[in-house]
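Please read it with the sequence and the coordinates open beside you.

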Amino acid sequence: MKETLRPGLSRTETRIVDRSRTIDFMGEDLRIYGTPELLRDIEFICRNLLLAHCDVGEDSVGVSAAFDHSAATPLGMEVRITATIAGIEGRRVVLDVIAFDAIEEIARGQHTRFIVDMAKSKQRLAAKIAKAQMAGAAER
């Protein structure tokens, strides 16, 4: 991580609530921004903020999220999401998030990400896959 990563840094991005971001189970007249899609957008915006302060070979992964999705946003409306670094503990970064549509606040909460060394993560994942394959072979 670069020394530029510090509490108080923020990033704001906008998204249009397109069809792929909406729920469909209440019918066409009630297509609104789905909570899972809001979370995905929050994760990407937080990641984009952190990437500017990561060293080569680093990235970040989400490890927790807690937020209230408090208002419905209809299909086609623009949403503005802001992520602000609230705290840093080693490689763990806590971000405050807030989102507004054109009318009101729609979400508020926190998202925690962990800065990872991608080469080390790849090694750990490969070891886990190998272990799972061995366990599967032993069960057969």
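The points below take up the basis of the model, its core, its surface and its charged pairs.

1. This is a predicted model, in which local features need pLDDT of at least 70 and side-chain atom pairs count only at pLDDT 80 or more, while totals for chains, interfaces and linings use all residues. Residues are numbered from 1 along each chain as its sequence is written, and side-chain values use heavy atoms, with hydrogens and water left out.

2. The largest nonpolar core has 23 residues, of which Ile81 and Ile85 touch the most other members; such a core is a set of buried Ala, Val, Leu, Ile, Met, Phe, Trp, Tyr and Cys residues joined through side-chain atoms within 4.5 Å. Two or more residues each come from helix H1 (35-51) and strands S3 (78-89), S4 (92-100) and S5 (105-117), with H1 giving the most, 6 residues. Helices (H or I, at least four residues) and strands (E, at least two) are DSSP runs, numbered from the N terminus.

3. Leaving aside neighbours within four places in sequence, Ile81 is in contact (heavy atoms within 4.5 Å) with residues including Leu38, Ile42, Ile45 and Ile98.

4. On the surface, Phe25, Met26 and Leu30 form a nonpolar patch with about 330 Å² of accessible area together. Patch members have over 30% relative accessible area and no salt bridge, with like charges joined within 9 Å and nonpolar side chains (Val, Leu, Ile, Met, Phe, Trp, Tyr) within 5 Å; the areas come from the Shrake-Rupley method with a 1.4 Å probe, and for residues only the protein chains shown count as cover. Leu30, in the loop between strand S1 (10-16) and H1, is partly exposed at 42% relative accessible area, where buried means under 20%, exposed over 50% and partly exposed in between (1.4 Å probe, protein chains only).

5. His53 lies in the loop between H1 and strand S2 (58-69) and is buried, with a relative accessible area of 13%. Apart from neighbours within four places in sequence, the contacts of His53 are Met1, Lys2, Thr4, Leu5 and Leu9.

6. The whole structure holds 12 salt bridges, each a side-chain nitrogen of Lys or Arg within 4 Å of a carboxyl oxygen of Asp or Glu. Arg47 forms one with Asp59, the closest N and O atoms being 2.7 Å apart, and this pair links distant parts of the chain, from helix H1 to strand S2, 12 residues apart. Arg47 is partly exposed at 25% relative accessibility, whereas Asp59 is buried at 12%.

7. Salt bridges also link Arg11, Glu13, Arg15, Asp18, Arg21 and Asp41 in a network. Within the pair Arg15 and Glu13, the closest N and O atoms are 2.8 Å apart, and both residues are buried.
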